[in-house]
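Me: I would like to learn how to read the charged contacts and the strands of a protein model. Could you take me through them one feature at a time, with the general idea before the case?

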Amino acid sequence: MAESMCRTLRDGSLEGEQAPALTIKDITASPFGFHVFSHVLSQLSSFILASKSQSRGIVIVAFSRSPSFYVDLLKRRGIDVNSSHKWIQILDCYSDPLGWKYQLMGSGNCMDVSHETPSNLSRVCKDVKDLDKLYSMILELGKGLVGQGKDRFSVAIDSVNEMLRHASTPTVAGLLSNLRSHEQISSIFWLLHSDLHEVKVTSALEYLSSVVASVEPLHQTAGGKRGDLENLSLLEQNIGKGKLQVRFKRRNGRVRVVNEGFHIDQSNSNFTSVLSEDGLVNQINQSLLPKVQFDLELSEKERIDRAKVVLPFEHQGNGEPIHIYDGRRSLTESKTEATLSSSGNSQKTDSGEGEIIYFRDSDDEMPDSDEDPDDDLDI
Amino acid sequence: MENRALNLLDEALGLGYQTDPWPLRGRVVLIEDCVETSGCFVLHQLLKRTLSSQSPNNTVIFLAFSHPLSHYDRILRKLGCNLVAQRENGRFFFFDMLKLLCPDEKEERNGKGGFISLYWKIQNTIRALPENNKNHATIMIDDMSLMEVAAHGSSDHVLDFMHYCHTLTSELGCSLITLNHEDIYTSMERLAFMLQIKYLVDVLIKAEPLATGLAADVHGQLTVLNWGFCNVKGSSNNKISNFHFKVKENSVEYFYPGTRT
């Protein structure tokens, strides 16, 4: 449900409520979380540009990709980054997260950073360990976009893992929660590689979010990593494809889980939902059904055969004369019956249509009809 | 002549026909091996391929944690590549990191200081390259697990260092080729380190023994996984390939399973 995910972020938060937060998580077996992230990012960006969303701008906190990567990504998807109306800011925690390059520059060996994006779009953070500073930088950049008034902005964090590597779980959770509760933040989403941390860390972050989208491989292997490689065909099927399980948590506590398949376009890394693709849906449906010994599903042939069966009286009312079988064979029927009996009954099966063969034992038996049998008698 | 011919490994990595721009430009390659099957030969082959005359702009910065230069010189000489000559030509930079394992200075006690200065050295080396070669540098690390030893067991420092090397790939178009051992990362904590590296990686080359056991003519199998295929436009469509190999004295044979008895 990639679309409703984006809609939730677009609609933003209500007055006096926390901003909706989306966790996108993936695992090494299906490491396409970043593709989902960039899909959500570009969707939200186009909403913002078209003024369809509550937020007026977006701040990307870039830990795992360079700012120029994001600028290229958005340009490739036809989103105007350098529009006259300033709407995007990138907090660059990628280029120099620990200040090594800055220190080197300080020692007189300046490096030309010609490949960097124009500095009006991004700002380098040289110490990612200081989360308080990070928080104030995010707010500063956001307020630079939308001003101090009532306008709101969105925040995108491309790797919570990097944050967790440099700071403890409670401080990271505190930062995210502070961001959610800030009155000028409309929505927030982040990417998490869930297998890098213990379950408790992942769940702590999931509690903080109203929507959790988890990327899972289409085909799970029972074994460990080694088993993965042994089964090459399985692995091949998992490249570029996957399953997206989205869990929406409503304000009243109701939880809705939606499954969806996706595949990633090779040429421009598009994220396309393939909910309509039969095989995928069947596969997902099957995983939702309780495990039973017998087959509850119909095969394609069985389904076609079932559709062909003419139910009793189904032909009535479509212009054909109404026949009600009275147990006596009519003249035409007796003719076919004669040919049948000569060539044997096996031919009957080829006609493809079912027929009830019934011989009346005696004339005493009442025919299968509600018309009066003595109607033609002239008494 | 044989080594000029296109082999399965080159093909899987997309090194086949196009050398300009260098197909591995801006990409991170991880060679993963295990005790039973060593993956060093892949590193040797890639080193040779990178320095080959077909791509004269390539430069290699080699961080040796496990073996000295003389070791690599001997091996590469047999493969037909003279490392000492390449070093004199300014195309091969050898950083002997064996000493980093036992740092003398006090400030390098925690291993972190050592990595910062190592990164500075790499950055300055790339900066000093002639303009044509600046965007064609390849950083090779011959044993990532020994980097951890150098960092006194702090995998965080290694990850920080790897992150900074990764910034070089995106800013300057360097490629990064590393060797790591899979089987030493089994516990949860250590597994996380390896997985973290894997999220950085665009191409994973896995060297494993044969699933069917030992064979005289086959030394193992290689699996090349091109995860980063989505990031590069028009890259090869070989997302995943698997083949067997036989390491010979001065070359390596690659062949598909079943094509050799």
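Me: Which side chain meets that of A:Arg10 in a salt bridge?

Reply: In general, side chains of opposite charge can pair when their charged atoms come close. The term salt bridge is used here for a side-chain nitrogen of Lys or Arg within 4 Å of a carboxyl oxygen of Asp or Glu. In this predicted model, the partner of A:Arg10 is A:Asp11, with 3.2 Å from N to O. A:Asp11 is partly exposed at a relative accessible area of 48%, where buried means under 20%, exposed over 50% and partly exposed in between (1.4 Å probe, protein chains only).

Me: What should I keep in mind about numbering and about the model?

Reply: Residues are numbered from 1 along each chain as its sequence is written, while chains are lettered from A and ligands numbered from 1 in the order in which they are written. Since this is a predicted model, local features need pLDDT of at least 70 and side-chain atom pairs count only at pLDDT 80 or more, whereas totals for chains, interfaces and linings use all residues; side-chain values use heavy atoms, with hydrogens and water left out.

Me: Is B:Glu131 buried or exposed, and what about its partner B:Lys134?

Reply: The closest N and O atoms of this salt bridge are 3.6 Å apart; B:Glu131 is exposed, at 60%, but B:Lys134 counts as buried, at 15%. Salt bridges that share partners also join A:Glu162, A:Arg165, B:Asp156 and B:Asp160 into one network.

Me: Which strands pair with β8(B)?

Reply: Two strands pair if DSSP finds at least two bridges between them. Strand β7 (residues 220-226) of chain B is joined to β8(B) by six bridges, antiparallel, and B:Leu222 has B:Phe243 as its bridge partner. Four bridges, again antiparallel, join β8(B) to strand β9 (residues 252-255) of chain B, where B:Val247 stands opposite B:Val252. β8(B) and β9(B) form a hairpin with four residues between them, and six of the eight residues of β8(B) (residues 240-247) are buried.

Methods
Helices (H or I, at least four residues) and strands (E, at least two) are DSSP runs, numbered from the N terminus.
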